[in-house]
Amino acid sequence: MDYRRPRKSGIQVLAHLLASEGGAWGYQMAQDLSISPTVLYHILDRFEGKGWITKRTEIMEPDSPWKPPRKFVQLTDKGRAAAEQFID
């Protein structure tokens, strides 16, 4: 398949997800890649729109306003194909 090449940070995200096999938590991925969470979630939203990833939200402590929901991210088959195309 022919996909438009993502920017460097997008390729880092694809590589991280490809290496993590089962998926990754968003905040931890931002920490691992030294990308701001804001930038990461913009990348993830773009990838979700292309059908490359799926996101699942998990509420850790529903009664606590201090704990934001966690996002778990996984590559789809289409995303895996894109990642393999861009990562040498």
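A residue is called buried when its relative accessible area is under 20%, exposed when that area is over 50%, and partly exposed in between. With that in mind, this briefing looks at a predicted model, in which G10, I11, V13, L14, H16 and L17 of helix α1 are buried.

**Helix α1 and its surroundings**

- Helix α1 runs over residues 8-19, has twelve residues, and reaches 16 Å from its first C-alpha to its last, which is close to the 16 Å expected at 1.5 Å a residue.
- The buried residues of α1 pack against β1 (24-25), α2 (26-33) and α3 (37-49), and also against β2 (53-58), β3 (70-75) and α4 (77-86).
- H16, which lies in helix α1, has a relative accessible area of 18% and therefore counts as buried, since buried means under 20%.
- Not counting residues up to four places away in sequence, H16 touches A24, M29, D32 and L33.
- L17, when its neighbours within four places in sequence are left aside, is in contact with A24, M29, I53, V73 and L75.

**The largest nonpolar core**

- The largest nonpolar core holds 20 residues, and of these V13, L17, M29 and I53 touch the most other members.
- Several elements contribute to this core, for α1, α2, α3, β3 and α4 each supply at least two of its residues.

**Two pairs of packed helices**

- Two packed helices are described by the angle between their axes and the distance between the axes.
- For α2 and α3, the axes come within 9 Å and cross at roughly 115°, and the crossing is right-handed.
- The contact between these two helices brings G26, Y27, M29 and A30 in α2 together with P37, L40 and Y41 in α3, and its residues divide into six nonpolar, one polar and no charged.
- For α1 and α4, the axes come within 9 Å and cross at roughly 115°, and here α1 passes α4 in a left-handed crossing.
- In this second contact, I11, L14 and L18 in α1 meet G79, R80, A83, E84 and F86 in α4, and the residues divide into five nonpolar, one polar and two charged.

- E21 is not a glycine, yet it has a positive phi of about 50°; E21 follows α1 and lies in the loop between α1 and β1.
- At 66% relative accessibility, E21 counts as exposed, because the cut-off for that word is over 50%.
- S34, also a residue other than glycine, has a positive phi near 55°, and S34 is found in the loop between α2 and α3.
- With a relative accessibility of 68%, S34 counts as exposed.

**Two prolines between β2 and β3**

- P65 is found in the loop between β2 and β3, where it is exposed, with a relative accessible area of 69%.
- P65 and R5 are 60 residues apart in sequence, and their C-alpha atoms are 39 Å apart in space.
- P69 is likewise found in the loop between β2 and β3, but at 43% relative accessibility P69 counts as partly exposed.
- Leaving aside its neighbours within four places in sequence, P69 is in contact with T57, E58 and I59.
- The C-alpha atoms of P69 and R7 lie 27 Å apart in space, while the two residues are 62 residues apart in sequence.

- Not counting residues up to four places away in sequence, I87 touches I11, L14, A15 and L18.
- I87 and I35 are 52 residues apart along the chain, and their C-alpha atoms are separated by 19 Å.

Definitions and conventions
Residues are numbered from 1 along each chain as its sequence is written. This is a predicted model: local features need pLDDT of at least 70, side-chain atom pairs count only at pLDDT 80 or more; totals for chains, interfaces and linings use all residues. Side-chain values use heavy atoms; hydrogens and water are left out. Helices (H or I, at least four residues) and strands (E, at least two) are DSSP runs, numbered from the N terminus. The expected span of a helix is 1.5 Å times one less than its number of residues. Buried means under 20% relative accessible area, exposed over 50%, partly exposed in between (1.4 Å probe, protein chains only). Contact means heavy atoms within 4.5 Å. A nonpolar core is a set of buried Ala, Val, Leu, Ile, Met, Phe, Trp, Tyr and Cys residues joined through side-chain atoms within 4.5 Å. Axes are lines fitted to C-alpha atoms, for helices over the stretch in contact, and angles run from 0 to 180 degrees between N-to-C directions. A crossing is left-handed if the near helix is turned anticlockwise from the far one by less than a right angle, and right-handed if clockwise. Ala, Val, Leu, Ile, Met, Phe, Trp, Tyr, Cys and Pro count as nonpolar, Asp, Glu, Lys and Arg as charged, and the others, Gly among them, as polar.
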